[in-house]
Amino acid sequence: MNYSAFLQLHDELSLLAVIVIILIYDIFASEKGARYIQPLSIVLLTVHTVLNAFPRADFEVAGGMYQYYPMLTYIKTILNAGTIILFLQADKWLRDDSVIIRRGEFYFLTLCTLLGLYLMMSAGHFLLFFIGIETASIPMATLVAFNKYNHKSAEAGAKFILSTVFASGISLYGISMIYGAAGTLYFDDLALLITNSPIYIMAMVFFAIGLFFKISLVPFHLWTPDVYEGAPTGITGYLSVVSKGSAVFVLFTIFTKVFANLTAEWQPILYGLIVISITLANIFAIRQKNIKRFMAYSSISQAGYLLLGVISASATGMSSLVYYILVYLFSNLAIFGVISVIEHRTGKVNINDYNGLYQTNPRLSAVMMFALFSLAGIPPFAGFFSKFFIFAAATEQGYYVLVFIALINTVISLYYYLLIVKAMFLNKSDQPVERITTDLPARISLVLCLIMIVFAGLLSSIYQQISALSFI
Amino acid sequence: MGSLFANFSSGIVPLEAYIFVSLVMFFAGIYGFLSRKNLLMVLISIELILNSADINFAAFNRYLYPEHFEGFFFTLFTIAISACETAVAIAIVINIYRNLNNVEVDSLQELQEPELQDTKEQ
Amino acid sequence: MEYTLFILILPLLSFVVLGLMDTKWKPRVAGTIGTLVLGTVAALSYYTAWEYFSSANINGVYQKITAFEVVWLKFNDILHINLGILLDPISVMMLVVISTVSLMVHIYSLGYMKGEKGFERYYAFLSLFTFSMLGLVVATNIFQMYIFWELVGVSSYLLIGFYYTKPEAVAASKKAFIVTRFADLGFLIGILILSFYTKTFDFGILTSGDANVFASISGATFMGASVLSWAMALIFIGGAGKSAMFPLHIWLPDAMEGPTPVSALIHAATMVVAGVYMVARLFPVYYVYTPEVLHGIAYVGAFTSLFAATIAVVQTDIKRVLAFSTISQIGFMMVALGVSGLGGQEGTGYMASMFHLFTHAMFKALLFLGAGSIIHAVHSNEMNQMGGLRKYMPVTHWTFLIACLAIAGIPPFSGFFSKDEILAATMHFSPVLGMTMSFIAGLTAFYMFRLYYNIFWGKEHKVQHGRTPHESPFAMLFPLILLATVTVFAGLIPFGEFVSSDGAPYHIHLDPVIATVSVLIAVTGIVLATILYRKENAMPAKMASAFSGLHKAASNRFYIDEVYMFVTKKIIFKRISTPIAWFDRHVIDATMNGMASVTQWTSARTRFLQSGKVQHYAFAILLGALIITALAIFI
Amino acid sequence: MNFLSIFVLIPILMLVAMYFARKRSQINIIAALGGTALLIMSGILTWMYFGERAAGNEDIMLFRADMLWYEAFNIHYSVGVDGVSVAMLLLTSVIVFTGVFASWRIDPLPREFFLWFWLLSAGVYGFFITIDLFSMFMFYEIALIPMYLLIGIWGTGKKEYSAMKLTLMLMGGSALLLVSILGIYYFAGGDTMNLLEIAQRNIPVEAQRYLFPLAFMGFGVLGALFPFHTWSPDGHASAPTAVSMLHAGVLMKLGGYGAFRVAMYLMPEAAHEQAWIFLILTGISVIYGAFSAVVQTDLKYINAYSSVSHCGLVLFAILMMNETAMTGAVMQMLSHGLMTALFFALIGMIYGRTHTRLITEMGGLMKIMPFLGVSYVIAGMASLGLPGLSGFVAEMTIFVGAFQETDTFHRVLTIVAASSIVITAVYILRVVGKILYGKIQDPHHAELNDATWWERVSVVTLIIAVVALGSVPFWISDMIQNSLMPVVNKLMAAI
């Protein structure tokens, strides 16, 4: 076996290097030097992102256990960008007394999660997939419970780890069934072996529960609002975009690659899941008072839209899916950025607290509004384009009714997004959020998000790039 | 069932027996997860679920596909992973104990849907 | 004869300029400009008439001359609205009538409206009306007629509501507009039907007698009647609305809320005869293709005439008496048209109708202007506020008397000749109808002289607002005198030489029997009125109590207004509009809101699904997995 | 850069300029400049259009420009205009221009107001110039969303409720529309989004049966099609003046324009099959709106219901599917746009003075504010179809056109629709009589001022437009008629 083949794993290796540097620095840095860990992590991750932003040719490592194709570079870069933005936004929070001594761990754990997601996406074998998904989940639990002294954070962590392990248990059982039936866990081999028999269908469903859980589709979503509410805001953002985005992407690749023979089986499943996810999440979102909880439901319904890309199971589906993830990531992170700024300064997380925000913080509310519009799919923001493309991908496969249902739901979603806009712009408040001077990193992150929200749609080159590399 | 006993009597433990055990463990785990009130018991139940899958892997590998070791390796990795999970979970449970002074599942109730007040018109 | 275009353009310009300048100019300036413009228009009209009647008679028939025409709006390759000027005997006659009366009213108003707020506006509106009315009569096609038809409607609306701070005036103007608008809907639909089948709006083509034009409509029927009959009947409804035929007459008495000169111009002489004019315009179509509609018109006219005359007998407001008299006289014109034939002596009715239109315009305008002069002096419309005015207002008195004699049909005043022709034509058509009309003529004489005596004779009511009644200024007297002169002599015009049903001049000959009888009837009416009203006595009251039911009903105009009020307020407003508005808010809108509420409600009721217990979450995951598996495998 | 894109560029430039403007005077001057520039540009465009046509250019769309945008979905930024679009652009420019002047003293947050105002305008202009389904839809949605904030922040009354209702209903409409657009795209071969190219293809009739009603209803919501009109009364009643003007004046026209350009043009067979359903609905709109207006007491509600009635006539005429009626529909769009804008401008100005819109609380205003009073009467006359003003031309064209359909069903509907002119007269005169004439109701009103100069600019411009359209309609009707021929021919061929 040629071990030098592993050197081809540029992404993972360089990320690993970043992780190790941060870990070592965190351990050995002096009291004084420790404060450089924050810029260091951001810079290192940025360098890592830039270095790995260029697609290469396809290759396989370890007999197909690790697979590379150029689209992965894009999706990974998108996730990297999301993580950088998270780091920028969390910067101020990490200087808090309660977490400052553990800030090194924050970067370390987050990057571990990212590494896990990398592995999960690159997997060509269920073992690597499973390792990846667990590498992502376990540090995530610690991150969710990162606010050690916050009861809610701890509870959220517990709920997260318990339900995620439960879900992966079922998933694992599903994988074991696949193994039992097919005798191999290599994706490429399985694609040929899997047939339309009950055992495979059952195995597929069981296996997919793990991903459905991560994507938080109804009815596997119940953990989402609680965890989103309890987790530190930055982590909530991370959960809602990076973790979810990669899971959807993996779902797409595995369903279309491994379970291609069962397409006729899983498409109806997804159909049902999309409909109930979008609808139920929308209905639940309407009554929320806490904005993080609200965003949880919003993200569940967005997951439903993401699945429209999966269900179409086509090259268009893939490109629109990746593009949707990109746009969704930036829009959502912009919102979480604003939420975390406000939460950190004032501790306010209720929608009512946003009343009259425009009076005191016009820029923050403008960013928030644009991001909300982007999520709702209002032009000229990028969300409109991504929604259009993903609908186009679904209608291309004839899912007219599904798209129709999804579109009707966008009206409901627009309603609750507008509730926030209404709170910020229309409502008057006796005690509005005071004037906030945003710290520089957060400001950079918001500007980045805003740029993407505005231009990712109007400039077609981004989508063209993605589209050029999609395949099925 | 008949063949199952026949195999038992011949001294060879059949595959079905492993699957049976695994299934029992799986559902016992699930039952435990759903019904236990103590977080530690819940954690143990999760281990049952994971282990039931491990048994599957090992048994399938041994009985059906002995030429490769995929199943065994999977099991090894899974064991490691579940150990990590348990470690992290225990850590969180300890944290909860610190905050709440108990480890009852039902005490994890702070995060839930808010009480509804008035519903506004549209 | 392109210069005729100026007949239209000048009043329009005058309207625009006066309207834009509004109060920026002194009232006198505005009045002068308006009057001068109208003078020019009148001069042009007379010149047109002279030139037309002297040159257009080719081969013994007056030709239709299209002096000017442009395509204004193209609907499609076949149908297009043209704007143009069509000169033929009746349009030229109308030009003369309108410009004369309008000029008189312009001059008269200089005195009558002096010092009124909104004087400039008044003149602007007068110009607008004159423009619209002239445009109506010279229309080359039925759609142009409709356009100007609407415009005269709106000018009438504006002028009736001139005293816009008076609620009655506002209500009256609204009523006038809406009632005529309703009738216009019929007109419009009629036009649509007619034009669809004939592929043209053009009067020239419609009345050319070319059977091909109506070829495609002849077979079509709708609900038992031919489609053409429907169309022509609907068009007549438009005319009936403008000309205040029963039951669309209700707006005209109320329209008297407007300034009196306006009543003279619009609601006596010109606009209200637009319906007659329109029927005359389309006469060949009515006569040849839909004689039954034409006869219907005759009966509607006769009934209206009788009806209005009956009411006129008991009204006490002098302008209302004149208004009902107008309705009644228009009824005469309609009857004449309805009974007429086509060509030569057969067409007497047609000629008589136009003749009566002409003379009526003059003497009715005179009556209204006289009434205006009286009101100007007395500051009241009520008869019982007047009496014995002949001493104070000699000119008004004499001119009024002349007009009364004319309308009563006493020779040699103009009304005699025209009415006599109508009676002759009606007699020829149907003796019963003829006798009815004769009776109405007697009634006319009666109520006109009732009016006359009540105003100028009887007990004096000298003191009105602390002033003695006095004769009006010269600006008002001049039109009276001039119109009186015309009224005296107009009957001598050999009208048949100019206007006839087929364009060919013919000689009117007076039927001595009918003439004698009609004069006798008129004299009887006058004598009766003299007995009853010359001196104050108890007889009118006795008569009233003797026929108390009839008297009360007639005083209340036979409750037609109440019926209308019932239909509009109680049915349309209460039973249609209010429920629709309610339906919109509480059903349609509520459905839309209901969708939102249902969503909200569901949202509120589904809280239990999210219990906050991690074991429930796990259970949901398991259940989800099992259900999906089951569905995927078994379905 | 293509000439037409200027219409989108100017509003965007305005957006940028507004961002940097600080003082109210600067904001006003910039806005006025922008409005004027747009007005002049559309004048030039019209002139150029006539020039091209006179020079014998027979293309369906002129001034074409095409830029590939999203290759994967064959999305182009593709512009071009025909007579109908030119007419609509003119209308938009007039209303944007007057809207700027009508909101001269907007308060609070003038800068933000104009930011949204220009975004809205950019959407509207974009919609009228593009001939690419995607761009069209995009601009359509761009035009919708600023409405929420414009009404929500600067509105009056139950503004939040109304704004939300309006936005959601219109978005619901656009949801239907999007499905339809995607369907059209794929059933037309999935290789072009260009309207003209799709028009060359034939979408299968089975697909049309589903896509046509979706598209028609989608646009119909914006065109106030019964029963999807209920956003209109509330929305208009709550909106600030300029927004009501733009919304009723232009945005509701997007519905009619889209319905004929997308629904009728691309799916003629289904249009023929299903026209009767929508004809009944629009017929109801026409009558129902008019009757509802009769009993309203709020000026804006009256006008909103009147808009339902008039816009119903637009869709009604489009569905008649002949040259004349469709010309009438476009004329009615122009006419209704202008006169409703005029109405809303005047109502806004009156409301700004009296602080009430209830007709029961006003009276005798003609004496106090003659300029506004006279203008209101003119607007009313235009609305009830007085010849010489725009309403007459449009309505007559519609009725004559509608009457070309010979069967009883169409005939009866036409007559029913025509009877709306009587009801229109009733409610217009009712309002005029109540608020302008009669005695002064509220002594406080006696001290109010007449229109200011900027208000006069706005009102006079609109009146000139109404009169111009009404008295010299031939040039614009010819322009529209010629441009409608491709659509009409396609519809004829589909029988």
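In which helix of chain A is the place of A:Val20? Select A:Val20 in this predicted model: the residue belongs to helix H1, which covers residues 10–28 of chain A.

**Stop 1**

**Stop 2: A:Gly104**

Move to helix H4 of chain A, residues 103–122, and select A:Gly104. Is this glycine, A:Gly104, buried or exposed? A:Gly104 is buried, because its relative accessible area is 1%, under the 20% limit. Now display its surroundings: apart from neighbours within four places in sequence, A:Gly104 is in contact with A:Ile22, A:Asp26 and A:Ile37.

**Stop 3**

Chain B has 122 residues, of which 40% count as buried. Among its contacts between residues at least 6 apart in sequence, 56% join residues at least 24 apart. The accessible surface of chain B is about 6,600 Å², with 67% belonging to carbon and sulfur atoms.

**Stop 4: where chain B meets chain A**

Bring chain A back into view. The contact involves 48 residues from chain B and 52 residues from chain A, and about 4,300 Å² is buried between the two chains, 72% of it from carbon and sulfur atoms. Select B:Glu70, B:Phe74 and B:Leu111: these supply 18% of the area that chain B buries against chain A, more than any other three residues. How many salt bridges are counted between chain B and chain A? The count is 0, whereas 16 residue pairs are in polar contact. Helices H2 (15–35), H3 (39–63) and H4 (70–100) of chain B each give two or more residues to the side that touches chain A. The largest share, 16 residues, comes from H4(B).

**Stop 5: where chain C meets chain D**

Now show chains C and D. Chain C brings 47 residues to the contact and chain D brings 61 residues; about 4,700 Å² is buried between them, 71% of it on carbon and sulfur atoms. C:Trp72, C:Tyr164 and C:Arg181 supply 14% of the area that chain C buries against chain D, more than any other three residues. Across this interface there are 2 salt bridges and 18 residue pairs in polar contact. Strand E3 (65–74) and helices H5 (142–160), H6 (167–198) and H25 (560–605) of chain C each supply at least two residues to the side touching chain D. Zoom in on D:Asp234 and C:Arg585, which form a salt bridge with their closest N and O atoms 3.0 Å apart.

**Stop 6: helix H6 of chain D**

Finish at residues 146–154 of chain D, helix H6. This helix is largely enclosed by the rest of the structure, because 9 of its 9 residues are buried. Among them are D:Pro146, D:Tyr148, D:Gly152 and D:Trp154.

Terms used
Residues are numbered from 1 along each chain as its sequence is written. Chains are lettered from A and ligands numbered from 1 in the order in which they are written. This is a predicted model: local features need pLDDT of at least 70, side-chain atom pairs count only at pLDDT 80 or more; totals for chains, interfaces and linings use all residues. Side-chain values use heavy atoms; hydrogens and water are left out. Helices (H or I, at least four residues) and strands (E, at least two) are DSSP runs, numbered from the N terminus. Contact means heavy atoms within 4.5 Å. Buried area is the accessible area (1.4 Å probe) that two parts lose on being put together, summed over both. A salt bridge is a side-chain nitrogen of Lys or Arg within 4 Å of a carboxyl oxygen of Asp or Glu. A polar contact is a pair of N or O atoms within 3.5 Å; within protein, one must be able to donate a hydrogen and the other to accept it, and residues adjacent in sequence count only if both atoms are side-chain atoms. Buried means under 20% relative accessible area, exposed over 50%, partly exposed in between (1.4 Å probe, protein chains only). Accessible areas come from the Shrake-Rupley method with a 1.4 Å probe; for residues, only the protein chains shown count as cover.
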